[in-house]
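Biologist: Hi! I'm new to this one. Could you walk me through it?
Modeller: Happy to. Let's have a look together.

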Amino acid sequence: MAEKRVFTLSQVAQHKSKKDCWFVINGRVLNVTKFLEEHPGGEEVLIESAGKDATKDFEVIGHSKAAQNMLLKYQVGVLQGFKIPEGDSMDVAYKESKDEGMTAFVVEDDGVPKHSAFIDFFVPLLVAGFFFGYRYLSTVAQITN
Ligand code: HEM
């Protein structure tokens, strides 16, 4: 399968002419020779990126989703060190990691005692209770006087 072919950046760099134009976007090696004339942004910009990793150039433009989908049409392989998720699709190729898996992480205790939430909630409630109780009692006292 073409998508599974692995190229190094120096192999990609050998295809940098108008008649044979390749570059890399998000780990995907693309042969855009046939696309040069069709590119809405013009062929010059593509030729300038030829033989290189054009990921940043591609992203800076803010290409549409449609443009991103078009990438697959021109893919001839992947850049060494990248992996395309199984089933392909539009998922971005990801860089192969040497890590076996996700390492555990610890959420540190912030040192605040657990009962502080109780105090935070009930103290203002208690103060408000006293305030309204006092107001009520003084109003009742005024009426009865
Ligand atoms: C296979 C790769 C590429 C495809 C399929 C592609 C496709 C497109 C499409 C469909 C558009 C029209 C606007 C949009 O839908 O976003 C566009 C515009 C453009 N592209 Fe690309 N493009 C590719 C690579 C690149 C690269 C590598 C560069 C820069 C070095 C570039 C620069 C531009 C520019 C400058 C425009 C014009 C933006 C504008 O007028 O606002 N494209 N491209």
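Biologist: How many residues does the largest nonpolar core have?
Modeller: This is a predicted model, and in it the largest nonpolar core has 16 residues. Those with the most contacts inside that core are Trp22, Phe23, Val24, Ile25, Val29 and Leu30.
Biologist: Which elements give two or more residues to this core?
Modeller: Strand E3 (20-25), strand E4 (28-31) and strand E5 (75-79) do. E3 gives the most, with five residues.
Biologist: And what is Leu30 in contact with, leaving aside its neighbours within four places in sequence?
Modeller: Leu30 is in contact with Trp22, Phe23 and Ile25, and also with Leu71, Tyr74, Gln75 and Val76.
Biologist: Okay, what about the loop between E3 and E4? Which residue is found there?
Modeller: Asn26 is found in that loop. Its phi is near 50°, a positive value in a residue other than glycine.
Biologist: Is Asn26 buried or exposed?
Modeller: Asn26 is buried, because 21 other C-beta atoms lie within 10 Å, and the cut-off for buried is 20 or more.
Biologist: Changing topic to the ligand: which residues come nearest?
Modeller: There are 20 residues around the ligand, and Gly41, Asp57, Ser64, Ala67 and Met70 come nearest.
Biologist: Which helices each supply at least two residues of that shell?
Modeller: Helix H2 (43-49), helix H3 (55-61) and helix H4 (65-70) each do.
Biologist: And what's the shell like by class?
Modeller: The shell around the ligand has 14 nonpolar residues, five polar and one charged.

How values were computed
Residues numbered from 1 in each chain as written. Predicted model: local features only at pLDDT ≥ 70, side-chain atom pairs only at ≥ 80, totals over all residues. Core = buried A, V, L, I, M, F, W, Y, C linked by C-beta atoms within 7 Å. Buried ≥ 20, exposed ≤ 12 C-beta atoms within 10 Å, placed from the backbone. Helix = DSSP H or I, 4+ residues; strand = E, 2+ residues; numbered from the N terminus. Contact = placed C-beta atoms within 7 Å. Near = placed C-beta within 6 Å. Nonpolar A, V, L, I, M, F, W, Y, C, P; charged D, E, K, R; others polar.
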